[in-house]
Amino acid sequence: MVDFSDREVARFLKSYLAEIEAGNAAIFAGAGLSAPAGFVNWKELLREIAQDLGLVIDRESDLISVAQWHLNEARNRNRLNREIITHLSPDTEPTANHRLLARLPISTWWTTNYDTLAEDALKEAGRIVDVKSNHQQLADTRPRRDTVLYKMHGDVSRPNEAVVTRDDYEEYGDKRAPFVSALAGDLVSKTFLFIGFSFTDPNLEQVLARVRLRLLENTREHFAFFKRRSREADDNDESYAHELARQKLVVADLKRYGVNVVLVDSYADMHEILAELERRYRRQSVFVSASADDFGPWGQPAVEQFMRALGNELVRRGIRIATGLGLGVGNALLTGAVERVLSSRAGHLEDSLIIRPFPQHIPDANERQRVWAEYRSRILSEVGVALFLFGNKRAGNDTVPADGMEKEWEIARAKGLALLPIAATGSMAATLAARVAADPDTYLVALDDAERRMLAAIPDTVDDLTELVSPIADLVQRLRRGR
């Protein structure tokens, strides 16, 4: 289990999250990111080719030269192309880490991999991906793109253009100079997370050196995950000490390029850190589930004033609000949030608000419920906290609990969100709060002990709803700041 208070882990989570929020984060994916999907590494891909050359691949560290020696002997790339196509099947599913990273709003990806796992995961997450695997594509821009994926060494669909041999690397600076310039520019302006990458690629090394020499002490901060060297079965004391010393020196040397290494014990640890990163990102946003047709006992003006004050205060504290503009109260929440953004004269409305009004004009009831279920799921996928207020609606001549709020509750619970039902607002929110009080260990798994105490301290009844604004905002802010 990862210790999130570890200095390097904590620094990564805080710094990289800030860069994601600012829109300055980038990913550099190496072969290690795709390996858990079942793809072979370069040694395995070249194993039979090495055997034909009279070499034992496990004794070789310069695999680029092995590929070049094969080309020298064969005089064509046919077999290399066949190995790439055979071992990098496009039918393979993206890994959990591909999917996790794809859900984050990171608009710039670079990779030396030929496989399609990154673009598959991004498309699965609903992103419009602009793939650049050939330098001629750099001048073209896909309309309304969310993410640019630079495949600097080519794509499995065009293996004859893949960067594999020593010749390819030596010619790279001339033949693919636009890629070099684009990567250098991103390394200057964005904070990269290098994942599954060993830093032995000569092209990247050249670009990193170029950036370092130009910027000297002003090199941008980047991060990388490395698996901590563990003792292998064939290690003796001397070889193990050598490998530990070597890794320590590599980690220290990467600081010259602004790359801070986070050492992990396993692939599972890396996934746990990325999952925590996603959790913290999602907790920057709170979904407000609220609706009211009956405003008693406070009256409609008092309820609207409360919602307006709550929207204003949440945005003031830097919390993004997601709302479906619930019946009777949604517009008041929106008004308070917009007033705060406009009065601050800084930032954009979309930085503080995710507005998703529910589509109403769907005549068929079954189709409407199907669309609304998918709609709710999408909204709740973008947040980490769900706040439940009021929750009643008109059914004929009667006021009844809002079943839509209960559906949002179940979706939020299934997605692992922090659930905050406010009993004092009555109706369905009070019903949900009673469930929590009766079985907190089932419903409050996303809250720590301090957060549970803060929720329990919010009054169950109030004469003045505005008394709830500060304790609600305090709790949401604590959840936003993370562990």
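Strands β9 and β10 run parallel and are joined by three bridges. Within this pairing, Ile 321 stands opposite Leu 353 of β10. The model is a predicted one. The two strands belong to an open sheet of five, ordered β10-β9-β8-β11-β14. Pairing in this sheet is parallel. Its edges are formed by β10 (353-355) and β14 (418-421), each of which pairs on one side only. From one strand to the next, the twist averages 20°.

A further parallel pairing links β6 (residues 222-227) to β7 through six bridges. Ala 224 has Val 261 in β7 as its bridge partner. Between the two strands, the chain passes through helix α12 (residues 237-254). This β-α-β crossover is right-handed. Strand β7 spans residues 259-264 and is mostly covered. Of its six residues, five are buried.

Salt bridges were searched for over the whole structure, and 39 were found. One of them is formed by Asp 474 and Arg 317, whose side chains meet at 2.6 Å, N to O. Asp 474 lies in helix α22 (residues 469-481), whereas Arg 317 lies in the loop between α14 (300-316) and β9 (320-323), so the pair ties together parts that are 157 residues apart in sequence. The two partners fall into separate accessibility classes, as follows. Arg 317 has a relative accessibility of 13% and counts as buried, because the cut-off for that class is under 20%. Asp 474, at 35%, counts as partly exposed.

A second salt bridge joins Asp 441 to Arg 452, with the closest N and O atoms 2.8 Å apart. Here both residues are helical: Asp 441 lies in α20 (residues 440-443) and Arg 452 in α21 (residues 449-457). The pair therefore ties together parts that are eleven residues apart in sequence. Asp 441 is exposed, its relative accessible area being 56%, which is over the 50% cut-off for that class. Shared partners also occur among the salt bridges: Glu 313, Arg 316, Arg 317 and Asp 474 are joined into one network.

Arg 47 and Glu 44 form another salt bridge, in which the closest N and O atoms lie 2.7 Å apart. Arg 47 counts as partly exposed, with 23% relative accessibility. Glu 44 also counts as partly exposed, at 36%.

The pockets were examined next. The second largest pocket holds about 1400 Å³ of space. Its lining consists of 38 residues. Those that lie nearest the centre of the pocket are Arg 103, Pro 105, Arg 127, Tyr 281 and Glu 382. Helices α1 (7-22), α7 (96-103), α8 (117-124) and α13 (267-282) each supply at least two of the lining residues. Helices α16 (349-352) and α17 (365-380) likewise each supply at least two.

Terms used. Residues are numbered from 1 along each chain as its sequence is written. This is a predicted model: local features need pLDDT of at least 70, side-chain atom pairs count only at pLDDT 80 or more; totals for chains, interfaces and linings use all residues. Side-chain values use heavy atoms; hydrogens and water are left out. Buried means under 20% relative accessible area, exposed over 50%, partly exposed in between (1.4 Å probe, protein chains only). Helices (H or I, at least four residues) and strands (E, at least two) are DSSP runs, numbered from the N terminus. Two strands pair if DSSP finds at least two bridges between them. A crossover is right-handed if, with the strands pointing away from the viewer, the path from the first strand over the helix to the second runs clockwise. A salt bridge is a side-chain nitrogen of Lys or Arg within 4 Å of a carboxyl oxygen of Asp or Glu. Axes are lines fitted to C-alpha atoms, for helices over the stretch in contact, and angles run from 0 to 180 degrees between N-to-C directions. On a 1 Å grid over the protein atoms alone, a cavity is a set of points where a 1.4 Å probe fits but cannot get out, and a pocket is an open set with protein on both sides within 12 Å along at least five of seven lines; lining residues have an atom within 4 Å of a point. Grid points are joined across faces, edges and corners, and a volume is the space filled by probe spheres set on the points.
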